[in-house]
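Please look at the chain shown below and follow how its parts pack together, beginning with the surroundings of a single residue.

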Amino acid sequence: MKCTVQLVDIRQHVIRRQSKQQHILPASCFIFVVRGQGAIWLDGNRHSLERFFVLHAGKGSNIKFEVGHKDVTYYYILYRGSISTKASKTILKSYHINNPFHLQYAGKPISPVVLYRHAESMYEEWNRRPAMERFQAKIQFYQFVYTLVQQLQLQGVAPKEIDLVEQIIQYIHKHYYEPISLESMAEVWNYSIQYLSRQFKRRTGRSPIEYVIQTRMAKAKELLIQTDATVQEIAVSVGYSDVFYFTRLFKKQVGTTPVQYKNR
């Protein structure tokens, strides 16, 4: 399986004691804590935070720090990963269900100093080289990941897999303003329309398209309340080029027209 990895950014952050910090990850990410204590939440799941703690999560994940009586120092390693579109259908299906770049895992490595050396070298190479000469940083990144995976396997730390329905929900929230159909979703995950619809409705009580509409209407309501955008602008921003169709759909879902909702 041919994968491509692109480093996006490598930083070292310090969070002062008795403070909080929150991120919505813009790409896949490793967070490697080298000093301090407190707590860290990954999409609402709490982990005790201490020195030499490592965490991985995918784009869009919510990370929140709460720092105790000592400052926390950590490396923030952002990257993007993708798989070749020429891969077989079996591999592509497996990739979409359990995308390795979105898997979540966290723990304390058994040989943290080795990881620290890779992280430190990676950070130094990234920040002292021009953008076109960061090959050594990428090599250090691969060594960091390889060493980490080895250590986690020895400890029996298993990644949290994101199942099919969660993948579809994330896809809808990310692409709600684009054309979405059952056919396009079935093509993305390489499953039949019937199977996707059945699995989704079993878990959520709604069909995928019903979920798309409800997501779009929720976004439209936010825009109506929080901005002065016109109804037509809002319709286009949530995926409807026909403002009259959007208005009818909004009234059916919400019980009032967009203008009435905004005035109310």
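Leaving out neighbours within four places in sequence, L7 is in contact (heavy atoms within 4.5 Å) with I77, L78, Y79, W126, A137, K138 and F141. This is a predicted model, in which local features need pLDDT of at least 70 and side-chain atom pairs count only at pLDDT 80 or more, while totals for chains, interfaces and linings use all residues. Residues are numbered from 1 along each chain as its sequence is written, and side-chain values use heavy atoms, with hydrogens and water left out.

L7 also belongs to the largest nonpolar core, which has 23 residues, and is listed with F30, F32, I77, F141, F144 and L148 among those with the most contacts inside it. Such a core is a set of buried Ala, Val, Leu, Ile, Met, Phe, Trp, Tyr and Cys residues joined through side-chain atoms within 4.5 Å, where buried means under 20% relative accessible area (1.4 Å probe, protein chains only). Helix 3 (135–155) supplies at least two residues of this core, as do strand 1 (3–15), strand 3, strand 8 and helix 2 (112–128); helices (H or I, at least four residues) and strands (E, at least two) are DSSP runs, numbered from the N terminus. The largest share, five residues, comes from helix 3.

Strand 3 (residues 28–35) has seven of its eight residues buried, and its pairings, which require that DSSP finds at least two bridges between two strands, are set out here.

| Partner of strand 3 | Sense | Bridges | Bridge partners |
|---|---|---|---|
| Strand 8 (residues 72–83) | antiparallel | seven bridges | F30 and I77 |
| Strand 6 (residues 53–57) | antiparallel | five bridges | C29 and A57 |

Conventions:
Buried means under 20% relative accessible area, exposed over 50%, partly exposed in between (1.4 Å probe, protein chains only).
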